[in-house]
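Let's take a friendly walk through the ligand sites of this structure. Have the sequence and the model open side by side as you read.

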Amino acid sequence: MILERNDPCWCKSGLKYKNCHMEFDARIAEFKRQGKKVPDRKLIKTPEQIEGIKRSAVINMACLDYVAEHIKAGVSTQEIDDWVARITKEMGGIPAPLNYEGFPKSVCTSVNSQVCHGIPSSDDILEDGDIINVDCSTILDGYFSDSSRMYMIGNVDEKARKLVEDVKEAVQVGLREVRPWRFLGDMGNAVNEFCRSKGYSVVREIGGHGVGLEFHEEPWVSYVSKPGTEMLMVPGLCFTIEPMVNMGKADIFIDSDNDWTVYTDDDSLSAQWEVQIVVTEDGYELLSW
Ligand code: MF3
Ligand code: CO
């Protein structure tokens with residue numbers, strides 16, 4: 001749709017286009033002319049949509065906080081699923097994973113060499129020394145929030161503890177590269193370089209994603225990307241940073257019994273933290289973490 005200068009802006013601010021997103025659109029168009037990948041208008045969240053995502057994220061983070069307080073050796077991953085399902089429901093939300101493309105549970109629980117998409121089960125009991133990622137995704141009033149954290153069970157050995165802490169730092173390193181008019185590849189490369197400097201490898205095949213009005217939207221967010229490549233970051237773009245980092249090699253395989261759970265090929269430990277952010281005028285704002 002071509003807007004005239006005095007038409008109302010597409011963002012529904014009520015302002016005239018020339019006083020609102022006209023320059024913004026022109027700036028994006030210039031990057032597009034240079035052959036860069038740029039976001040479609042529908043990926044730019046309005047302030048109202050961002051408020052909706054934040055309300056969804058209140059539930060998302062409440063679930064992860066509850067897990068932090070109650071997780072310990074002897075707890076099954078099914079119990080974690082029960083907690084997340086109950087709290088999400090009590091707070092008026094819907095767990096996004098449940099029945100998503102056939103996923104059978106309300107949350108992903110990935111232990112030790114499981115990279116992601118672990119399926120909660122009453123047979124899987126957490127043991128002293130385990131590390132686990134709990135990946136929680138929530139829908140409220142049609143708005144999606146998505147974040148995950150690592151939890152350490154009892155006495156975790158030094159190398160595993162370091163992996164968990166380093167991957168948390170890797171997300172911070174990535175966040176430092178997030179600001180408008182730079183590229184997702186700037187962020188992805190920073191994450192990858194940091195992880196490699198610690199001797200780890202970053203999973204290539206699975207990454208982050210746009211999120212907010214749907215569970216998974218554009219852009220795809222890689223953490224093995226090159227500076228100046230991948231999508232241009234602009235204010236209002238909403239996505240996750242969620243690198244999966246292996247202590248050994250980057251290679252992975254999918255469990256053929258359930259077609260979901262991803263493991264490291266070499267059985268090495270894997271860790272992941274996930275935050276959901278929106279790009280702002282001068283950087284980013286965390287929406288869910
Ligand atoms: N929460 C995951 C993510 O961060 C997606 C899991 S898909 C599911 O993108 F179906 F397994 F839940
Ligand atoms: Co995600």
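## Geometry of the cobalt site

In this predicted model, the cobalt ion (ligand 2) has 6 donor atoms around it, and because the angles they subtend run from 52 to 160°, the arrangement is irregular. The coordinating residues are Asp146 (OD), His209 (NE2), Glu242 (OE) and Glu274 (OE), at 2.0 to 2.3 Å.

## Where the donors sit in the chain

Along the chain, the donors of the cobalt ion (ligand 2) are spaced as D-x62-H-x32-E-x31-E. Asp146 belongs to strand β5 (residues 143-152), while Glu242 sits in the loop between β9 (238-241) and β10 (244-246), so this pair ties together parts that are 96 residues apart in sequence. Both Asp146 and Glu242 are buried.

## Polar contacts of ligand 1

Which side chain has an N or O atom 3.0 Å from a nitrogen atom of ligand 1? That is Asp135. On the oxygen side, a polar side-chain atom of His216 lies 2.9 Å from an oxygen atom of ligand 1, and the side chain of Glu274 places an N or O atom 3.0 Å from an oxygen atom of ligand 1. On its own, ligand 1 has 340 Å² of accessible area, and the protein covers 96% of that.

Technical notes. Residues are numbered from 1 along each chain as its sequence is written. Chains are lettered from A and ligands numbered from 1 in the order in which they are written. This is a predicted model: local features need pLDDT of at least 70, side-chain atom pairs count only at pLDDT 80 or more; totals for chains, interfaces and linings use all residues. Side-chain values use heavy atoms; hydrogens and water are left out. A polar contact is a pair of N or O atoms within 3.5 Å; within protein, one must be able to donate a hydrogen and the other to accept it, and residues adjacent in sequence count only if both atoms are side-chain atoms. Accessible areas come from the Shrake-Rupley method with a 1.4 Å probe; for residues, only the protein chains shown count as cover. Donors are N, O and S atoms within 2.8 Å of the metal (3.2 Å for Na, K and Ca); water is not among the atoms, so sites may look incomplete. Four donors count as tetrahedral if all angles lie between 85 and 135 degrees; four count as square planar and six as octahedral if opposite donors are over 155 degrees apart and all others between 65 and 115; anything else is irregular. Helices (H or I, at least four residues) and strands (E, at least two) are DSSP runs, numbered from the N terminus. Buried means under 20% relative accessible area, exposed over 50%, partly exposed in between (1.4 Å probe, protein chains only).
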